[in-house]
Amino acid sequence: MNQSDQLIIFDTTLRDGEQSPGASMTKDEKVRIAKSLERMRVDVIEAGFPIASVGDFEAVEAVANAVKDSTVCGLARALDKDIDRAGEALKGANSARIHTFIATSPIHMQQKLRMSPEQVVEQAVHAIKRARQYTKNVEFSAEDAGRSELDFLCRIFEAAIDAGATTLNVPDTVGYAMPHQFGETIRALREKIPNSDKAIFSVHCHNDLGLAVANSLAAVDNGARQVECTINGLGERAGNASLEEVVMAVRTRPDIYACHTELDTTQIVTCSKLVSNITGFPVQPNKAIVGANAFAHESGIHQDGVLKSRETYEIMRAEDVGWSRNRMVLGKHSGRNAFRTHLEEIGISFESEEELNEAFSRFKDLADKKHEIFDEDLQALVTDSRSAREENERVKLISLKVCSETGETPHANLVLSLDGKEIADSAAGGGPVDAAFKAIEALVNSGTELQLYSVNNITSGTDAQGEVTVRLEKGGHIVNGQGADTDIVIASAKAYINAVNKILEPVEKAHPQTGDRLTV
Ligand code: KIV
Ligand code: ZN
């Protein structure tokens, strides 16, 4: 295969994905997702928009320092201050890319930028040249290309290549394109731009009409060799093209697509679960590839067919995307070394002996309650203990007793530590979880509103751990908290407390396209 046969997978879960209202992630959570993407061998990880806030800058910097095998990218408007900030944040990266953009559609140029097409070309060229001072790997995006004029796109892309851009991205920013027409646009750009062979054409499709994956694939069919996408299709509004769907479509239909990806697809399900757990965005059961039912056969005819020959109803193997990794891995007699070695095998390493000891002690507690421990349990256990450490835990759960009985009002007795001081209270509620949350609020008085409460079982069986996500909102500041335990009321309390710890210090950041200051 020649060089052009590789389809570059550019993941923007940490940047565009984080633009989904409610999907904000902390620095440590971003690093964990980035490491999972690196394990999947994603080519480019867009880690954030460094100028947006100090938190965004630090997250891009942390991802750049932590990731060794994937290229780490930072987003920048076509402005000197944005590019300098991105260059600074990416200093520690083994391989860095700056992604700079400016809008090119008539409506955006006239109404938003109030700039002439000439000024837009000039600013784009200037920005690319400035980005080249930091790295040779520069991507240029023509924002709202889906509604831009073809001749103008040809003009700005030709100038962008001359200025040093190595990737040209064609975003369907508002999800307006139709597959056949979008594919033709990519073909026309490649044919009409005289120096088009000097850059890789990329697409970035939004899902407003449910066509993000179809549009991305139509572009690939017409020569695009980079797709920008997100895990679980997370992203602004209706989301971006889903990474798992694009990658598995290309892999399943080599007869159609003249390219391949370098991804380790067996990491897909683990990464999808991590993103879902951290963001609190559940994956619908019938979601392609990563939904719980994606490989489940309910009807007798289908089951019969699959038992006789799997190919009768299955076009992919569940294990190829990581569904069959649910095997018993460790038990109550496993030692500290086996624990550390196995976690290293699934890509989790510890920063200090103290962190390892804490996780091992949580593992022992879990092993007392749960006979078989799976990879997913270990992931949750480490997520749980890391988020507790990271938030500096002003509020800690000491003990919780909940009474729930037929015909009686559920009641919770709770002891917390708040800034090192033990405090206790009790509350009644509509159910045991409601009572526990009311007891927490009686003590911390966070003034937040519960926006989302979701429980997922990490593995199957009635002794499985419940993984709870709680989303709290206060004055536009939204946070997600996670907690896992074999007792779902305890898991719920842990998740609520984790969210409360995050809400104590709100952060302001800018939206890359609108420039609005957002509190996240
Ligand atoms: O949707 C969009 O246009 C973007 C750009 C910044 C690439 O996210
Ligand atoms: Zn976007």
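User: What should I know about the numbering and the atoms before I start?

Analyst: Residues are numbered from 1 along each chain as its sequence is written, while chains are lettered from A and ligands numbered from 1 in the order in which they are written. This is a predicted model in which local features need pLDDT of at least 70, side-chain atom pairs count only at pLDDT 80 or more, and totals for chains, interfaces and linings use all residues; side-chain values use heavy atoms, with hydrogens and water left out.

User: What makes the protein as compact as a globular protein of its length?

Analyst: The secondary structure comes to 16 helices and 18 strands, where helices (H or I, at least four residues) and strands (E, at least two) are DSSP runs numbered from the N terminus. The radius of gyration, taken over C-alpha atoms, is set against a globule rule of 2.2 Å times the number of residues to the power 0.38. The value is 24 Å, close to the 24 Å that the rule gives for 520 residues, so the protein is as compact as a globular protein of that length. Along its principal axes, the C-alpha trace spans about 75 × 60 × 45 Å.

User: Why is Phe157 called buried?

Analyst: Buried means under 20% relative accessible area, exposed over 50%, and partly exposed in between (1.4 Å probe, protein chains only). Phe157, which is found in helix α6 (residues 150-163), has 0% relative accessibility and therefore counts as buried. Contact means heavy atoms within 4.5 Å, and Phe157 touches Phe140, Ala142, Leu168, Asn169, Val170, Leu189 and Ile193, not counting residues up to four places away in sequence. Across the protein, buried residues make up 57% of the 520 residues.

User: Why is Asn357 called partly exposed?

Analyst: Asn357 has a relative accessible area of 35%, so the term partly exposed applies, that term covering the range between the buried and exposed limits. Asn357 is found in helix α13 (residues 353-369), and its C-alpha atom is separated by 8.2 Å from that of Arg336, 21 residues apart along the chain.

User: How do you know which atoms coordinate the zinc ion (ligand 2)?

Analyst: Donors are N, O and S atoms within 2.8 Å of the metal (3.2 Å for Na, K and Ca), and because water is not among the atoms, sites may look incomplete. Asp16 (OD), His204 (NE2) and His206 (NE2) coordinate the zinc ion at 2.0 to 2.1 Å, and these donors follow the spacing D-x187-H-x1-H along the chain. Asp16 lies in the loop between β1 (8-11) and α1 (27-39) and His206 in the loop between β7 (200-205) and α8 (212-221), so the pair ties together parts that are 190 residues apart in sequence. Asp16 is buried at a relative accessible area of 1%, and His206 is buried at 3%.

User: How do you know that β15 and β16 pair?

Analyst: Two strands pair if DSSP finds at least two bridges between them. Strand β15 (residues 466-474) and β16 pair in the antiparallel sense over nine bridges, and one bridge joins Gly466 to Asp485 in β16.

User: What makes β14 and β16 the edge strands?

Analyst: Three strands form an open antiparallel sheet in the order β14-β15-β16, and the edge strands β14 (449-457) and β16 (477-485) each pair on one side only.
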